[in-house]
Amino acid sequence: MGIKRSELFITSKLWDTMHDPDDVLPALKKSLADLQLDYLDLYLIHNPYAFAKKDGQMMPKNPDGTIIYSDIHYCDTWRSMEGLVDQGLCKAIGLSNFNHKQVLDVIDKARIKPAVLQVECNPFFRQEKLIDFCHSHGIVLTAYSPLCCGDRAWRYACDPDLFGDPKLMDIAKKHNKSVAQIALRFQVQRGVVAIPKSVTPKWIEENAQIFDFSLSEDDIRQISSLKTHRMGIPPAKGPDNKPLLDDHGHPIPRDKDHQYYPFNEPF
């Protein structure tokens, strides 16, 4: 017996080179064809800033290796996203990596309000203010990298170790759970949807076993006291394709100079 389509919730994203309003529908249709689907449950704008559309390149670059950007406004893109819902090609639309001011900008101009905001969120980057903002506007906050994305392409000596953190290990021991289960329970208990990534059946099953216990108020305080550290921002790279670091060994954000770069705001 196969799984019914109605039992699956399938999400995809509009890539950064496809922000032109005329490109939104073709981009979704390609995703649907690739997935062999008639509709998506959720379709997100991947970033508020856009890349230039050049020769079909996913990451169009200048000779010095920097990204070639576009100045298309995300609200213009959003209007075409609304049309996808009108056509029944996706049930809901949302945003990814937008700050709260950009979300408000979309809400102010939107005919269909964003259903979801997907952002980096984990025990080291807890997003309390953004969670409160989303909940106050009826938007679901989804946490990507809830386990700190251990297989990301960029890792640095300054990055904390989720699975080796003493506070998280103590809480896990107390509840007879794994650190991953503690990190995921932390999100669920705050009303956040967590989307951990794994290809290992054992870990996929373990990640779902978080509804038979609760974290105490002290557990939450302990997790909330962890030093804040963001890890999900793509780094700028030099001509040798190696990440550029500042004087403190932290990566320099790749897209920081774009007018719609979202992470110069506190949340």
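Which residue in β7 is the bridge partner of Glu120? In this predicted model, the bridge partner of Glu120 is Tyr144 of β7, and the close-up views below begin with the sheet to which this pair belongs.

**View 1. Six strands form an open sheet with parallel pairing.** The order across the sheet is β1-β2-β5-β6-β7-β8. Strands β1 and β8, the latter made up of residues 193-194, stand at the edges with a single partner strand each, so that one side of each is left without a neighbour in the sheet. Within the sheet, strand β6, residues 116-120, runs parallel to β7 and is joined to β7 by five bridges; the pair Glu120 and Tyr144 can be found here.

**View 2. Strand β1 runs parallel to strand β2.** Four bridges join β1, which covers residues 11-14, to β2, and Thr11 stands opposite Leu42 of β2. Strand β2 spans residues 40-45 and is mostly covered, since six of its six residues are buried. Across both β1 and β2 lies helix α1, which runs at about 135° to β2.

**View 3. Helix α1 packs against helix α2.** The two helices, α1 with residues 21-35 and α2 with residues 74-86, pack at an angle of about 40°, and their axes are 8 Å apart; α1 and α2 are therefore oblique to each other. The crossing in which α1 passes α2 is right-handed. On the α1 side the meeting residues are Pro21, Val24, Leu25 and Leu28, and they face Asp76, Thr77, Ser80, Met81 and Leu84 of α2. Sorted by class, this contact of α1 with α2 has six nonpolar residues, two polar residues and one charged residue.

**View 4. Helix α6 packs against helix α8.** Here α6, residues 179-189, and α8, residues 217-224, pack at an angle of about 105°, with 11 Å between their axes, which makes α6 roughly perpendicular to α8. Ile182, Phe186 and Gln189 of α6 meet Ile220, Ile223 and Ser224 of α8. By class, the contact of α6 with α8 has four nonpolar and two polar residues, and no charged ones.

**View 5. Ser145 and Pro146 lie in the loop between β7 and α5.** This loop runs between β7, residues 140-144, and α5, residues 166-175. Most residues other than glycine have a negative phi, yet Ser145, which is not a glycine, has a positive phi of about 55°. With a relative accessibility of 17%, Ser145 counts as buried, and Pro146 counts as buried as well, at 2%. Leaving aside neighbours within four places in sequence, Pro146 is in contact with Cys121, Asn122, Pro123, Ala183, Leu184, Ala194, Ile195 and Pro196. Lys173 is 27 residues from Pro146 in sequence, and the C-alpha atoms of Pro146 and Lys173 are 19 Å apart in space.

**View 6. Asn176 lies in the loop between α5 and α6.** Is Asn176 buried or exposed? With a relative accessible area of 70%, Asn176 is exposed, because exposed residues are those over 50%. Although Asn176 is not a glycine, its phi is positive, at about 55°.

Key. Residues numbered from 1 in each chain as written. Predicted model: local features only at pLDDT ≥ 70, side-chain atom pairs only at ≥ 80, totals over all residues. Heavy atoms only, no water. Axes fitted to C-alpha atoms, helices over the stretch in contact; angles between N-to-C directions. Parallel < 35°, antiparallel > 145°, perpendicular 65-115°, else oblique. Contact = heavy atoms within 4.5 Å. Nonpolar A, V, L, I, M, F, W, Y, C, P; charged D, E, K, R; others polar. Left-handed = near helix turned anticlockwise from the far one by under 90°. Buried < 20%, exposed > 50% of the residue type's maximum accessible area, 1.4 Å probe, protein only. Pairing = 2+ DSSP bridges.
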